[in-house]
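Student: Before we go through this structure, I want each label tied to its criterion. Can we start with the pocket?

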Amino acid sequence: MAEEYQPPPRPVGRDAVFVRHRLQSPRVAQSAYIAPNAVLCGDVTVGPHSRVLFGAVITAEGGPVEIGAHSVIMENAVVRGVARHPARLGDHVLVGPHASLTGCVIEGDSRIATGAVVFNGARVEIGAEIDFHAVVHVNTRVPAGTFVPMGWFAGGDPAELVAPDDRDRIRDLLGPLDYAGTVFGVGATDTPMPDIARRYARALALHNRDTVLLPSQRDVLEHEPEDGGHDPRTHPPSSTRVTADGRYL
């Protein structure tokens, strides 16, 4: 008797936009869900049972983006990896609508609420939570289990939590964190904004060479461990990469 025909699995994110950028293509676990109008661009990895919802953008702008298992990127959120700061999200991370994460590490078991912002070089340790519209500034470490309240500012290593109306204290913390050097690669006052904008425009011109991938051209993770992926507490994301089976090398 002839072997029963098994149809091929439905392509993950069949109607989403997968983009090859800088010769790198997104890789997504077969058990993940990518919404029809989500965008994955460049060296992006989405782990088992994770969900990327409507309008979300995950883009590797010179640095990879790695998302672990059982994580959810909600509507219109942005997760961006940059050259000096890859973006790495561990397992069980919930990123709320309109949140923005750039070049940061979210170790796992964390909620990054609606409208929150986590900047380049920041690390949110295991189980910490960032509430609605809170800001975790550059080069800031939010210790494990910390709760950053709604609209508050977190800056420093370890993070000092500052209420939004305490502008003087926020200003005092900003200098040592070196926003201009971390994000733009310049000194605090030696490069005017027009020059910075031109630099960005030159770098982003590489998107002119992008290719939107057909469903048949997309890569999937070949192996999916049932228990998810990795433990960022014992395998620091800052110095390693996620392999296809979810482990660290």
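**Labels and their criteria**

Tutor: The lining of the largest pocket has 13 nonpolar, eight polar and five charged residues. In this classification Ala, Val, Leu, Ile, Met, Phe, Trp, Tyr, Cys and Pro count as nonpolar, Asp, Glu, Lys and Arg as charged, and the others, Gly among them, as polar. The model is predicted: local features need pLDDT of at least 70 and side-chain atom pairs pLDDT 80 or more, while totals for chains, interfaces and linings use all residues. Residues are numbered from 1 along each chain as its sequence is written, and side-chain values use heavy atoms, with hydrogens and water left out.

Student: What makes a set of grid points a pocket?

Tutor: On a 1 Å grid over the protein atoms alone, a pocket is an open set of points with protein on both sides within 12 Å along at least five of seven lines; a cavity is a set where a 1.4 Å probe fits but cannot get out, and lining residues have an atom within 4 Å of a point. The largest pocket has a volume of about 630 Å³, where volume is the space filled by probe spheres set on points joined across faces, edges and corners.

Student: Which residues are closest to the centre of the largest pocket, and which element gives the most to its lining?

Tutor: Of the 26 lining residues, Glu61, Val82, Ala83, Val183 and Tyr200 are closest to the centre. H3 gives the most, with five residues. Elements that give two or more are strands S10 (78–82), S13 (100–102) and S16 (117–118), together with helices H2 (179–184) and H3 (193–204). Helices (H or I, at least four residues) and strands (E, at least two) are DSSP runs, numbered from the N terminus.

Student: Why are Arg88 and Glu66 called a salt bridge?

Tutor: The term requires a side-chain nitrogen of Lys or Arg within 4 Å of a carboxyl oxygen of Asp or Glu. The closest N and O atoms of Arg88 and Glu66 are 2.9 Å apart, so the pair qualifies. Arg88 is in strand S11 (residues 87–89) and Glu66 in strand S8 (residues 65–67), 22 residues apart. The whole structure has 10 salt bridges.

Student: How do you know that Glu125 is buried?

Tutor: Buried means under 20% relative accessible area, exposed over 50%, and partly exposed in between (1.4 Å probe, protein chains only). Glu125 has 17% relative accessibility, so it counts as buried. Its salt-bridge partner is Arg141, at 3.3 Å, N to O; Arg141 has 26% and is therefore partly exposed.

Student: What makes Arg111 and Glu129 a salt bridge, and are they buried or partly exposed?

Tutor: Their N to O distance is 3.0 Å. Arg111 lies in strand S15 (residues 110–112) and Glu129 in strand S18 (residues 129–130), so the pair ties together parts 18 residues apart in sequence. Arg111, at 24%, is partly exposed, and so is Glu129, at 29%.

Student: Why do strands S6 and S9 count as paired?

Tutor: Two strands pair if DSSP finds at least two bridges between them. S6 (residues 51–52) and S9 (residues 72–73) have two bridges, in the parallel sense, so they pair. The bridge partner of Arg51 in S9 is Val72. Both strands belong to an open sheet of seven strands, in the order S3-S6-S9-S12-S15-S18-S21, with parallel pairing.

Student: What makes S3 and S21 the edge strands?

Tutor: Strand S3 (33–34) and strand S21 (147–148) each pair on one side only.
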